[in-house]
Amino acid sequence: MINTTEQESHYNRLEQLPVAELLQHMNQEDKTVPDAVEKALPQIEKLVEAVAGRMKAGGRLFYIGAGTSGRLGVVDASECPPTFGVPFDWVVGIIAGGDGAIRKAVEFAEDDEDQAWLDLLEYNITDKDVVVGIAASGRTPYVIGGLRKANEHGLATGCIVCNAQSPVAAQAQYPVEVVTGPEFLTGSTRMKAGTAQKLVLNMLSTTVMIQLGRVKGNKMVDMQLTNHKLVDRGIRMIMQETGLEEDAAAELLNEHGSVRKAVEAHLAGK
């Protein structure tokens with residue numbers, strides 16, 4: 001394993017540079033991330049197919065990670081219910097150190113190889129489920145141990161890492177390796193590596209939900225209507241799908257509670 005995420009930055013004497021130059025250099029580095037993700041598309045495809053297959057059979061998706069990587073998993077998991085209308089336990093994000101670590105770092109939580117599996121057991125995990133480890137460095141003990149135990153118990157396993165040939169990838173049946181190289185700020189993997197992981201997570205969860213029938217056309221027809229903005233969006237969707245005027249679309253949405261159900265009810269009544 002070559003630990004490129006820890007290699008020296010291409011830039012130095014940052015404290016002496018003007019703000020405009022700092023921003024330009026960061027932006028230049030960020031531009032390389034989508035290209036790195038593109039190179040991993042075949043790996044991402046395999047992971048998506050594995051996750052979608054397990055979830056179609058009644059399984060769930062679990063993310064495990066520490067620090068920034070763990071937080072990104074929690075974010076992606078927490079956005080699936082409002083975006084796609086799925087139950088809150090379909091996609092679960094677990095961070096080393098517990099939910100308190102989302103806001104405040106928990107010292108040495110990532111160094112415990114046994115804790116991730118114990119955390120997963122709290123959710124009555126079964127061999128129908130999938131565990132995806134997220135670790136920029138690819139060497140986080142919390143993630144390595146969790147994937148190893150998941151493999152031993154017959155679960156499907158994947159990972160999202162930013163170094164090639166890492167110990168985490170070695171434990172994953174479906175590894176995704178997005179090699180982002182040195183960070184602008186040496187070792188600060190919340191930057192390019194974190195951006196890459198977020199892009200992959202976007203792809204993974206969105207594509208899986210499409211495969212599970214949670215999207216119609218290009219619309220989030222099962223989204224939870226939790227604020228006025230989303231209600232207005234839902235009304236516009238119904239208007240587009242049915243040709244109804246705004247008041248009639250709003251009444252239909254209010255009656256049925258979701259865009260999908262409202263459109264299906266209208267079409268059934270024709």
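This is a predicted model: local features need pLDDT of at least 70, side-chain atom pairs count only at pLDDT 80 or more; totals for chains, interfaces and linings use all residues.
Student: Hi! Which residue does R60 form a salt bridge with?

Tutor: R60 pairs with D129, and their closest N and O atoms are 2.9 Å apart. A salt bridge here is a side-chain nitrogen of Lys or Arg within 4 Å of a carboxyl oxygen of Asp or Glu. Residues are numbered from 1 along each chain as its sequence is written, and side-chain values use heavy atoms, with hydrogens and water left out.

Student: Where do R60 and D129 sit in the chain?

Tutor: R60 is in the loop between α3 (41–56) and β1 (61–65), while D129 is in the loop between α5 (115–121) and β3 (130–135). The pair links distant parts of the chain, 69 residues apart. Helices (H or I, at least four residues) and strands (E, at least two) are DSSP runs, numbered from the N terminus.

Student: Is R60 buried or exposed? And what about D129?

Tutor: R60 counts as buried because its relative accessibility is 14%. D129 counts as buried too, at 1% relative accessibility. The cut-offs are under 20% relative accessible area for buried, over 50% for exposed, and partly exposed in between (1.4 Å probe, protein chains only).

Student: How many salt bridges turn up in the whole structure?

Tutor: Searching the whole structure gives seven salt bridges. One of them joins R148 to E113, with 2.9 Å between the closest N and O atoms. R148 is in helix α6 (residues 141–152) and E113 is in the loop between β2 (91–95) and α5, so this pair ties together parts 35 residues apart in sequence. R148 is partly exposed at 31% relative accessibility, and E113 is partly exposed at 35%.

Student: What does D222 form a salt bridge with?

Tutor: Its partner is R260, and the closest N and O atoms are 2.8 Å apart. D222 lies in the loop between α8 (192–211) and α9 (228–242), and R260 lies in helix α11 (residues 259–269), so the pair ties together parts 38 residues apart in sequence. Salt bridges that share partners join R214, D222 and R260 into one network. D222 counts as buried at 13% relative accessibility, whereas R260 counts as partly exposed at 22%.

Student: New topic: helices. At what angle do α3 and α8 pack?

Tutor: The angle is about 40°, with the axes 9 Å apart. Axes are lines fitted to C-alpha atoms, for helices over the stretch in contact, and angles run from 0 to 180 degrees between N-to-C directions. The two helices are therefore oblique to each other. Angles under 35 degrees count as roughly parallel, over 145 as roughly antiparallel, 65 to 115 as roughly perpendicular and the rest as oblique.

Student: Which residues of α3 and α8 meet?

Tutor: From α3 there are L41, I44, L47, V48, V51, A52, M55 and K56, and from α8 there are V200, M203, L204, T207, V208 and Q211. Contact means heavy atoms within 4.5 Å. By class, this contact has eleven nonpolar, two polar and one charged residues. Here Ala, Val, Leu, Ile, Met, Phe, Trp, Tyr, Cys and Pro count as nonpolar, Asp, Glu, Lys and Arg as charged, and the others, Gly among them, as polar.

Student: And at what angle do α10 and α11 pack?

Tutor: Helix α10 (residues 246–256) packs with α11 at about 115°, with the axes 8 Å apart. These two are therefore roughly perpendicular to each other. L252, L253 and H256 of α10 make the contact with V259, K261, A262, A265 and H266 of α11.

Student: Last one: what is phi for F108?

Tutor: F108 has a positive phi of about 65°, although it is not a glycine. Most residues other than glycine have a negative phi. F108 lies in the loop between β2 and α5 and is exposed, with a relative accessible area of 65%.
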